[in-house]
Amino acid sequence: MCDTKHVVLIHGSWGRGEQLAPARAAFEERGYTAHTPTLRHHELPSREGAMKVAALSLRDYSDDLVTFVISLDSPPLLVGHSMGGLLAQLVAVRTHHAGLVAACPAPAAGILAASRTSLRATLPHLLRPRPWTKPWRLPTFEQFRRWAANTQTEEIAREIYDGLVCESGRYVWELLLALPRLSKATVVDFAAVTAPVLVIGAECDRMVPAGVVRRTAARYQHGTSVEIPRSDHMVFSGAALPVTMSYIDDWIARNHVLADRAK
């Protein structure tokens with residue numbers, strides 16, 4: 001059997017794979033082969049990619065990720081952040097994997113998730129005509145600082161923000177339809193995931209309420225939830241990263257995730 005221990009890190013909305021470079025380096029320091037794929041068209045400059053991502057569905061993103069995961073020579077640990085946390089769950093249902101980490105995940109169908117901050121971030125887009133056909137534009141830096149990077153230093157918050165691009169407006173529409181289960185794109189077959197699952201929340205996260213984290217973990221046969229103290233939504237950035245990694249290290253050890261394989 002292959003001895004390579006793969007980790008696939010999936011970025012969140014407005015993001016790119018390179019924004020998870022610090023987390024990738026942390027996993028590589030631990031001996032893993034870490035991958036940070038960039039979602040479809042997110043590699044383009046924001047203005048150029050805006051209309052290309054506008055009508056993409058979560059299913060488009062998950063299809064691409066499934067293709068990537070099955071190309072690996074052994075089942076990986078799937079790690080997703082924010083929208084990527086939901087995508088990691090959707091990919092886990094369709095692939096062989098060693099385990100699943102969903103950090104500050106967007107809600108799957110049927111999970112109540114709204115916070116005042118998430119409503120402020122999404123409502124202006126949803127009130128546009130035919131929002132599912134339009135790109136979800138970036139917030140201002142000041143809004144991003146308040147909403148998602150509220151405990152980060154100014155320098156790190158600016159570094160994250162400068163790498164952001166437009167996101168799919170259809171994704172926001174699919175989230176709106178998630179609670180009444182009117183969008184199949186956000187439906188996760190929780191029973192199909194039998195590997196260990198870790199759902200990570202953050203004490204100062206203004207985007208994803210703690211209840212979403214707990215309810216998501218409770219849906220899985222082997223689900224566990226933890227909370228990163230004093231962290232905002234960006235649990236893989238700045239001072240939060242080593243704390244987040246310590247929780248993941250402990251979970252990996254306790255559940256024998258990516259344990260040494262027989263040669």
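Before going on, a word on what we have here. This is a predicted model, in which local features need pLDDT of at least 70 and side-chain atom pairs count only at pLDDT 80 or more, while totals for chains, interfaces and linings use all residues. Residues are numbered from 1 along each chain as its sequence is written, and side-chain values use heavy atoms, with hydrogens and water left out.

Back to D249. What does the side chain of D249 meet in a salt bridge? The partner is R30, at 2.8 Å from N to O. D249 sits in helix α10 (residues 240-255) and R30 in the loop between α1 (21-29) and β2 (33-35), so this pair ties together parts that are 219 residues apart in sequence. R30 is also partly exposed, at 35% relative accessibility. Helices here (H or I, at least four residues) and strands (E, at least two) are DSSP runs, numbered from the N terminus. A salt bridge means a side-chain nitrogen of Lys or Arg within 4 Å of a carboxyl oxygen of Asp or Glu.

D64 and R40 join through their side chains at 2.9 Å, N to O. That pair links distant parts of the chain, with D64 in helix α3 (residues 58-70) and R40 in the loop between β2 and α2 (46-53), 24 residues apart. D63 forms a salt bridge with R94, where the closest N and O atoms are 2.9 Å apart. D63 lies in helix α3 and R94 in helix α4 (residues 83-94), so parts 31 residues apart in sequence are tied together.

Now to strand β5, residues 197-202. Is β5 mostly covered or mostly open? Mostly covered: 6 of its 6 residues are buried. On one side we have V197, V199 and G201, and on the other L198, I200 and A202, all buried.

And the neighbours? Strands pair if DSSP finds at least two bridges between them. Strand β4 (residues 99-103) pairs with β5 in the parallel sense over 4 bridges, with L100 opposite V197. Strand β6 (residues 223-228) also pairs with β5 in the parallel sense, over 6 bridges, and there the bridge partner of A202 is I228. Thanks, everyone!

Terms used
Buried < 20%, exposed > 50% of the residue type's maximum accessible area, 1.4 Å probe, protein only.
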